[in-house]
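Morning, everyone. Please look at the model on the screen while I talk.

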Amino acid sequence: MLEPGLTPRQKAAVIVRLLLANGETLSLEQLDPASQAALAQEMALMGMVDRHTRDQVVAEFCDSLEQVGLTFPGGIEDTLDMLGDSLSRDITDRLRRRAAMTGQSDPWERIAALPPAQLADLALGEATEIAAVMFSRLPVPKAAQTLGLMPPLRARQIAYAMSMTGGIEAPALRRIGVALLQAAESLAAPALEGGPVERVGAILNFTPANTRDEVLTGLDQDDADFANEVRKTIFTWANIPQRIDPRDVPRIVREGDQASLLRALAGAKGKNAASAEFILASLSSRMAESLREEMAELTRLTDAEAEDAMAAMVSTIRRMEEAGDLFLIAGEASDDGAGVTIKTADPG
C-alpha cells in the first residue's frame with residue numbers, strides 16, 4: 001500500500017472529518033486537552049484531500065483496527081471501574097486516593113465520596129475560605145447534610161464565604177482538592193461505615209411496621225435520647241407528607257414501579273392513608289382520577305402485599321435521594337404513639 005503524504009495527525013483529521021460528514025456523532029472528550037486542540041487546529045489548516053488519498057487513509061485505518069486484539073482503559077479510574085468487585089474495597093480506595101493525589105484523577109470526586117461526618121471534621125480544621133471552596137464543589141444533598149453537622153456560627157461563616165469562590169481557576173481548584181484529600185487522610189476513619197444512629201435507622205427503614213414500632217418503644221425505655229435520634233433518620237411511607245415536597249411527587253410517580261404504586265395507594269390504611277391522599281392531591285386531577293380508577297379495579301390486597309408495595313415506593317424515593325434527584329425535607333422527630341412521624345420546622 002502506498003503511504004499517503006500526510007502526517008499521523010492529518011490522517012486522524014481525515015478520519016474525523018469523514019465520520020462527521022457521514023452524520024456520526026463523535027465524543028473526543030477522552031483525549032487530553034492538548035490533543036483535542038491539536039486536532040482542531042490541524043483540521044482548520046487542511047484544505048482539500050483528493051479521493052485517492054482519502055481511500056488510502058481509510059484503508060490504513062481499517063487495517064490498524066483489524067490488528068487490535070485487546071484494548072485497556074486509559075486511566076486508573078476506568079481500570080478500577082472495569083475490575084469492579086474483583087479487587088478488595090481497601091485496595092480500590094487506596095488506588096483511587098493515590099491517583100487523586102498524584103494528579104491522575106479528579107480529587108474532588110474522592111472528597112465528594114467522603115461521609116458527611118468526616119467532611120464536617122475536615123471543614124472545621126480548615127480555613128473558612130478553603131471550607132467554602134469544598135462546600136461549593138460538593139453535591140447539594142451532601143453539602144446540606146454536612147452543613148447541618150456544623151456549629152451554627154461556623155456554618156454561617158462558610159455560607160457567606162461561598163459567595164467569593166466563583167473566580168478560582170482550575171489549577172488552583174485542583175491544588176485545593178489535593179490538599180483537602182491529604183488532610184482527610186490524617187482524620188481517623190471509623191471501622192464501621194456510618195454511626196450507630198444511622199445504622200439502626202437504616203435497618204428499621206426496611207423492617208415491618210409492627211417490628212419497627214416495638215423496637216422504638218423498647219429504645220424509648222432504654223435510651224430515650226438515642227431513640228429520638230433514630231427516629232430522625234427513619235423514612236417510611238407514613239412520613240411522605242412531612243418530608244416530600246408536593247412538587248416532587250409527579251417525578252416519584254414516574255420513577256416508581258406503577259404496579260407497586262397502585263398497590264401502595266390502594267392498601268394504605270390507618271396512619272398510612274394520609275400519605276396516599278397526599279400523593280393523589282399532589283398530582284394533576286386527571287392523573288389522580290386515572291389512578292383512582294385503576295385502584296378500584298385491583299383485587300383484594302393482603303396487608304403484607306400492601307406493605308411490600310409501600311416499601312418498594314420508599315426504596316424508589318431513597319434511591320432518588322442518593323442520586324441527588326430528590327431532597328428530603330428535614331425536621332424534628334416526634335412520637336405520637338401511633339408510629340413514627342416527622343414534624344417539619346416552623347417556617348416562621
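**Salt bridges and a helix**

Arg247 is exposed, with a relative accessibility of 68%. Exposed means over 50% relative accessible area, buried under 20%, partly exposed in between, using a 1.4 Å probe and protein chains only. This is a predicted model: local features need pLDDT of at least 70, side-chain atom pairs count only at pLDDT 80 or more, and totals for chains, interfaces and linings use all residues. Residues are numbered from 1 along each chain as its sequence is written, and side-chain values use heavy atoms, leaving out hydrogens and water.

What does Arg247 pair with in a salt bridge? Its partner is Asp245, with the closest N and O atoms 2.7 Å apart. A salt bridge here is a side-chain nitrogen of Lys or Arg within 4 Å of a carboxyl oxygen of Asp or Glu. The whole structure has eight.

Next, Glu321 and Arg318, at 3.2 Å between the closest N and O atoms. They sit three residues apart in helix α20 (residues 303-322), so about one helical turn separates them. Helices are DSSP runs of H or I, at least four residues, numbered from the N terminus. Glu321 is partly exposed at 21%. Arg318 is buried at 17%.

Now helix α2, residues 33-45. Which of its residues are buried? Ala38, Leu39 and Glu42.

Terms used: Helix = DSSP H or I, 4+ residues; strand = E, 2+ residues; numbered from the N terminus.
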